[in-house]
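Q: Let us read this model together. Please put the structure up.

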Amino acid sequence: MSDAANTELDALVIGAGFAGLYQLLCLRDRLGLSVKVLEAGGGVGGTWYWNRYPGARCDSESHVYWYTFSEELMREWEWSERYPGQAEIMRYLNFVADKFDLKRDIQFNSRVTSAQYHEATNRWQVRTEDGQTFIAKFLVTAVGCLSTANVPAIPGLQNFKGDWYHTGQWPHEGVDFTGKRVGMIGTGSTGIQAAPVIAARAAHLTVFQRTANYSVPARNVPLTAEFKKYVKQHAGDIRATTHQTYNGMGFKVDDRKAVETPPEERETIYEAAWERGGLQFRASFQDMLVSKEANDTAADFIKRKIRSIVRDPKTAAILSDIDHPYAAKRPPIDTDYFETYNRPNVSLVDVRATPIERFSAAGICTSEAEYPVDIIVFATGFDAMTGPLLRMNIRGRGSVALKDVWEAGPRNYLGLQIAGFPNLFTITGPGSPSVLCNMPVAIEQHADWITDCIKFIRAKGLERIEARPEAVDRWVEEVNDVANKTLLPLATHSWYLGANIPGKPRVFMPYAGGMIRYREICQTVAAQDYEGFALS
Ligand code: NAP
């Protein structure tokens, strides 16, 4: 610990997105701790700082995609559209950071490269890429679930003469597609948002699709003055609703069952949901994610929609040849995605049938043909959930590496703490509802719980909290049990299972029991003096 820049803190937070900003506010302003945030980016924003790709927009509706800890803040801020776009979310997070004077305790351009727990001192020693060292009693990771970009290891990229970009590391100055031939790989939420915007500017867009995907229209619109007024007047009610819904959204899943609804009525319900747009489509019936028979009715409806929108039958067939249940992978919502394939400057390549084998100097080579392009866009996703934690080289008691403890998949208690890693908290870690929930709702619950926990530890004159191994075993079982009651594990190639990263263990990572149940469990654990944790 000899570095000149040694700084001793009560708590160190890694990441200045939604989670890190709120955690800083809680620990600094509510508990009066000395806190610093280390952030790899040059500003606040987390996922929204990096994901500046064309069309980047949130799929939660704006009136629930924000902090709710302050009704004053909810009344002060006004969203302009039904779904907030990337630039507006960045303005919001900067507004929050400035309003609560958070930036003075954030060190930007500081990527954490290691975090080591020292048993003798009960302190975490954290190092950054530029060689600085920080010492803290409590360490909180607020690194997001989707922040480690996945550029597939397809040979030959170094030979490609054009430019290439990953959507999750998009240049701040933007990319000019005018007159360019663009090849975009990936048709997840990102590719589905980016394709229409790129196609509108590029000379030609070729989309390389491996797994066909569902998408429902977002139906984004500017918010009316009336709706904005309603949101201001009902800030408290909106907050309450997000605490009463399964996934922290502003809408409830309908009580009716698809399998018990007559086909004509079901069709009318799906049609109305399609017209209304958004993630609410999956709330049309309560059995959609637990019964394959029910899910098939939604899947069939969307596949028919795709075939009715896309005029070229061959393209329509490739797009609608979807092999997993609807919403078993994260369901995208879009603006004119399938319509984009009707443009004369857009074509689709089925890389399940003809895989990408390599990149050449001129472009992308499949098993069948070479596609010359000027720009390659990788909309190929992330090493999700565990990736951002494992790349920080975290070592706990006895210098044991997190990557060894999680060799067969993530194991923790409540998604919040890992046995053998005292005083380390992970916000929206694997084993928490995180990506299955409206993120700010999950984040506020975690940060509040961590804050209360640290307050408790200090009030009792304690120094250390650590998940007990038997509590971890129980929690891993719970995470598996609740996932297995749903259709989610049936999408065997999904990033929820780590299946998008070669060699990654196949474990269903998020907690699928719903935010209400999760919140109750966390509250009970806290009320029972942190049952399942060792305190000393
Ligand atoms: P993703 O869902 O993991 O999609 C990646 C795409 O790249 C998939 O189509 C995948 O095909 C393809 N791919 C990956 N490696 C490939 C390879 N070697 N060859 C060919 N294709 C390859 O990633 P994402 O679209 O960035 O989305 C990730 C998550 O971020 C979303 O699920 C969502 O949670 C979040 N997100 C949200 C929004 C929003 O709020 N609106 C927007 C964007 C992202 P396979 O399916 O065959 O693996």
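Q: How far from the ligand oxygen is a backbone N or O atom of A379?
A: A polar contact is a pair of N or O atoms within 3.5 Å; within protein, one must be able to donate a hydrogen and the other to accept it, and residues adjacent in sequence count only if both atoms are side-chain atoms. Here, the A379 backbone atom lies 3.3 Å from an oxygen atom of the ligand. The protein covers 89% of the ligand's own 920 Å² of accessible area (Shrake-Rupley method, 1.4 Å probe; for residues, only the protein chains shown count as cover). The model is predicted: local features need pLDDT of at least 70, side-chain atom pairs count only at pLDDT 80 or more, and totals for chains, interfaces and linings use all residues. Residues are numbered from 1 along each chain as its sequence is written, and side-chain values use heavy atoms, without hydrogens and water.

Q: How many residues surround the ligand?
A: A residue is near a molecule or strand if one of its heavy atoms lies within 4 Å of it. Here 24 residues surround the ligand, and the closest are R57, T190, R210, T211 and K329.

Q: Which element gives the most to this shell?
A: Helices (H or I, at least four residues) and strands (E, at least two) are DSSP runs, numbered from the N terminus. Helix α5 gives the most, with 3 residues.
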